[in-house]
Amino acid sequence: MVKGPGLYSEIGKKARDLLYKDYQTDHKFTLNTSSPTGVTITSSGTKKGDLLAADVNTQLKNKNITTDIKVDTSSNLFTTITVDEPAPGLKAIFSFKVPDQRSGKVEIQYLHDYAAVSSSVGLTVNPTVNFSGVIGTNVASLGTDLSFDTKTGDFIKCNAGVSLSKVDLIASLTLNDKGDSLIASYYHIVNPLTAVGAEVCHSFSSNENTITVGAQHSLDPLTTLKARVNNAGKASALVQHQWRPKSFFTVSGEVDTKAIEKTAKVGLALALKP
C-alpha cells in the first residue's frame, strides 16, 4: 500500500473504477504514438449515434514540466501545463481553454504522509475557489471537498468523505450534494484474479436508493471480464483484451432486464499504442 491518504478524489475510486470504468455503449478509437524526444500524440474518435466527436492531444515533457495541448472537433483548444515537484510533495497545474476567456485556472496539489491538499482558483474577476483536503493515513482517512462562488458568496459544492482500507478491501462513505445524497462503497479483492465491489446511494430529497454490484475477473494475464447490475434492472458486462503491450480491445454491452424486448446496447473500444 502507498504512503499517505491520497487526494479526495481517491476516496471510493477503486469501487467506482470496478463498477463504471470502461463500460460504454459508444464506439471509440484511440491511437497513441510517442517519440524518443518525449513528444506523445494521442488521437481519439467517439461515435455516439449519428454524431462523431474527435480530438488530438499532444503532450510534451521537459524535465519536470509537462504540457498538454488538445484540439477537438468543436474548435476548442485545451492547454494544461503541469509542474511536478517544484518542491517536495508539490504539484502546480495551469489550464485554460480557447476561445473561453473565463476558463483559466491555477491548481496546487500537495501530498504528505498524513495529509493531501488540492486547491484551485479561476483566473476571473469573480472566480470559483475549489478546495479539497484529506487527513489520515493509507489505512484510515477523512476529507472534504468544497467549491465557493465569490460572485454570489455561496458554496456550490460541499462534500465530505471517509475511507477505511486494508490490504484486500477498501470501504468508503461520502456525503455529497450539500448533504442531499449519501454514498457507501465497498471494494474487496477475493483472490489475485477476482475482485468484487458494491455501491449504495441514498437520496434524502427523493428518498430513493440506487444499488449497484459488480465483479471483475482475470481470465488470463491479458484478458479481463467485468459484470455489474443495479436495482433498476440494468445489467452490463465487458471483455477487455490486451493484444499487445498497452493496446486494448474492449467489447461491452448493456441490457434492461425489466424490458428484455428492447435491443441491447453494445459498445466497442480500440486503443492502439504502436
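A strand here is a DSSP run of E of at least two residues, and strands are numbered from the N terminus. With that in hand, here are some notes on this predicted model.

1. **The second largest pocket.** I would begin with the second largest pocket, which holds about 270 Å³ of space. Three strands each supply at least two residues of its lining: S1 (27-34), S18 (247-256) and S19 (265-272). Strand S19 gives the largest share of that lining, with three residues.

2. **What the lining is made of.**

3. **An aromatic pair.** Two aromatic pairs are present in the structure. In one of them, Phe94 and Phe96 have ring centres 5.5 Å apart and planes at 45 degrees, a tilted arrangement. The label follows from the angle, because stacked needs planes under 30 degrees apart and edge-to-face needs over 60.

4. **Charges over rings.** Two contacts of this kind are worth a look. The charged end of Lys70 lies over the ring of Phe78, 5.1 Å from the ring centre. The charged end of Arg228 is placed over the ring of Tyr23, and here the distance to the centre is 4.1 Å.

5. **Ser236, touching both partners of the second contact.** Ser236 belongs to strand S17, residues 234-244. Its relative accessibility is 6%, so it counts as buried, the cut-off being under 20%. Beyond neighbours within four places in sequence, Ser236 is in contact with Tyr23, Lys226, Ala227, Arg228, Gly253 and Glu254. That list includes Tyr23 and Arg228, the ring and the charge of the pair described above. Lys226 lies 10 residues from Ser236 along the chain, and their C-alpha atoms are 8.3 Å apart.

6. **Thr82.** You will find Thr82 in strand S5, which covers residues 77-84. Why is Thr82 counted as buried? Its relative accessibility is 16%, and buried means under 20%. Setting aside residues within four places in sequence, Thr82 contacts Asn64, Ile65 and Thr66, together with Lys91, Ala92 and Ile93.

7. **A cis peptide bond.** Please check the bond between Val98 and Pro99: it is cis, with omega about 15 degrees. Pro99 is part of the loop that runs between strand S6 (90-98) and strand S7 (105-112).

8. **Positive phi in loops.** Which residues other than glycine have a positive phi? Asp177 is one of them, with phi about 55 degrees, and it sits in the loop between strand S12 (169-176) and strand S13 (181-191). Asn207 is another, with phi near 55 degrees. The loop that holds Asn207 lies between strand S14 (194-203) and strand S15 (208-220). At 61% relative accessibility, Asn207 counts as exposed, since the cut-off is over 50%.

9. **Val39.** Val39 lies in strand S2, residues 39-48. Its relative accessible area of 26% makes it partly exposed. Leu60 is 21 residues away from Val39 in sequence, yet the C-alpha atoms are 4.8 Å apart. Leu60 is also among the residues that Val39 touches; the others are Thr33, Ser34, Thr58 and Gln59, with residues up to four places away in sequence not counted.

10. **Val190.** To end, Val190 is a residue of strand S13. How accessible is Val190? At 47% relative accessibility, Val190 is classed as partly exposed, because exposed starts over 50%. It touches Ala195 and Val196, leaving out residues up to four places away in sequence. Val190 and Gln216 are 26 residues apart in sequence, and their C-alpha atoms are 10.0 Å apart in space.

Key
Residues numbered from 1 in each chain as written. Predicted model: local features only at pLDDT ≥ 70, side-chain atom pairs only at ≥ 80, totals over all residues. Heavy atoms only, no water. 1 Å grid on protein atoms, 1.4 Å probe; cavity = no way out; pocket = protein on both sides within 12 Å on 5 of 7 lines; lining within 4 Å. Points joined across faces, edges and corners; volume = space filled by probe spheres on them. Helix = DSSP H or I, 4+ residues; strand = E, 2+ residues; numbered from the N terminus. Phe/Tyr/Trp six-rings, centres within 6.5 Å; stacked < 30°, edge-to-face > 60°. Lys NZ or Arg CZ within 6 Å of the ring centre and 35° of its normal. Buried < 20%, exposed > 50% of the residue type's maximum accessible area, 1.4 Å probe, protein only. Contact = heavy atoms within 4.5 Å.
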